[in-house]
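Please keep the sequence and the 3D view at hand while reading.

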Amino acid sequence: MLVGDILTMLASFRHFTVDIRILRGLYRFMYTRNSDIKRFVMENTEIVSDKTLTPEIRLNLFTPNCQFWHARPDTWPFSDPYWAIYWPGGQALSRYLLNNPEVSRGKKVLDLGSGCGASAIAAQLCSASHVVANDIDTVAALAIQLNCELNNLEPIHCVTDNLIGSEPESWDIILLGDMFYDEDLADSLHTWLQKCIKTHNTQVFIGDPGRAQFENHSINRFIQKLTQYTLPESVREENYGLTSSTVWLYKPDV
């Protein structure tokens, strides 16, 4: 039995009244090296390729076969593992890039809020000249490296700084999958993306399954619909019945 299994089991015992923060601290003590964290990710995820919009991309993800799919959320030792879910906006964005390789071929691409790294991987598979995956979760950065290995790619450069609001770099393309889940974040993105476009004529592609924070935001006045994909049944079930996901081109008046 793995140590993680033991800690999860102990935390579930009703008579075991230890502060969950002690358990989380013990996890972090055990997994301090990148190699240890990568091993933890591999032990607690499952390799998935089918039942998504991009079966040609393999990813380490949470599935019902993984212990943390069912465990108490507070037994997870790191930041919330958004990287362990292949969100529907990211699926649509990745599918669009793979279907239209000329979009990213030879381009400098930033995948903002990269999560599992699927869109960055799709851009790399389509021969982008330079790809950076940005996620503020350091565990996500390691998971993206593992997902690159699964797809026989050299590791994609990962940046864990919060780039929103920073001085724009000369990106040809910025990708945003499932980033409009919070109104304040949407406001910050709207302002920063406008600056990126005005400064470097960057193209911005957005993948979103129709979240209210996106559809009700003023950004909708500045987007052009490129394509829409029907989500696989398993993805619908995992995302509260969302049935489709759309790719948009962001074209503000700058």
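This is a predicted model: local features need pLDDT of at least 70, side-chain atom pairs count only at pLDDT 80 or more; totals for chains, interfaces and linings use all residues.

Cys158, accordingly, takes part in no disulfide. The nearest cysteine sulfur to that of Cys158 belongs to Cys148 and lies 6.7 Å away, whereas a disulfide requires the two sulfur atoms to be within 2.5 Å. Cys158 is buried as well, because its relative accessible area of 18% falls under the 20% limit.

## Overall composition

The protein chain is made up of 10 helices and 9 strands. It has 254 residues, of which 52% count as buried. Among the contacts in the chain with a separation of 6 or more, 66% are between residues 24 or more positions apart.

Seven strands form an open sheet with mixed pairing, in the order 5-4-3-6-7-9-8. Its edges are strand 5, residues 157-159, and strand 8, residues 223-230. Each of these edge strands has a single partner strand, so one side of each is left without a neighbour in the sheet. From one strand to the next, the twist averages 20 degrees.

Within it, Gln224 has Leu249 of strand 9 as its bridge partner.

Helix 6, residues 118-125, packs on the sheet. The strands touched by helix 6 are strand 3 (108-112), strand 4 (130-134) and strand 6 (173-177). The direction of helix 6 makes about 175 degrees with that of strand 4.

## Helix 5 against helix 6

Helix 6 also packs with helix 5, which spans residues 88-99. The axes of the two helices are 8 Å apart and the packing angle is about 0 degrees. Helix 5 and helix 6 are therefore roughly parallel to each other, since angles under 35 degrees are classed in that way.

On the helix 5 side, the residues in this contact are Gly90, Leu93, Ser94, Leu97 and Leu98. On the helix 6 side, they are Ala118, Ser119, Ala122, Ala123 and Leu125. By class, the contact between the two helices comprises 7 nonpolar and 3 polar residues, with no charged residues.

Ser94, located in helix 5, is one of the residues in this contact. Is Ser94 buried or exposed? Its relative accessibility is 0%, so Ser94 counts as buried. Leaving aside residues up to four places away in sequence, Ser94 touches Thr54, Tyr86, Ala118, Ser119 and Ala122.

## Positive phi angles in two loops

Most residues other than glycine have a negative phi. Lys51 has a positive value, near 65 degrees, and is not a glycine. It is located in the loop between strand 1 (46-48) and strand 2 (59-61). With a relative accessible area of 59%, Lys51 is exposed.

Ser127 is another residue that is not a glycine and has a positive phi, here about 70 degrees. The loop that holds Ser127 runs between helix 6 and strand 4. The relative accessibility of Ser127 is 46%, so this residue counts as partly exposed.

Key
Residues are numbered from 1 along each chain as its sequence is written. Side-chain values use heavy atoms; hydrogens and water are left out. Two strands pair if DSSP finds at least two bridges between them. Helices (H or I, at least four residues) and strands (E, at least two) are DSSP runs, numbered from the N terminus. Axes are lines fitted to C-alpha atoms, for helices over the stretch in contact, and angles run from 0 to 180 degrees between N-to-C directions. Contact means heavy atoms within 4.5 Å. Buried means under 20% relative accessible area, exposed over 50%, partly exposed in between (1.4 Å probe, protein chains only). Angles under 35 degrees count as roughly parallel, over 145 as roughly antiparallel, 65 to 115 as roughly perpendicular and the rest as oblique. Ala, Val, Leu, Ile, Met, Phe, Trp, Tyr, Cys and Pro count as nonpolar, Asp, Glu, Lys and Arg as charged, and the others, Gly among them, as polar.
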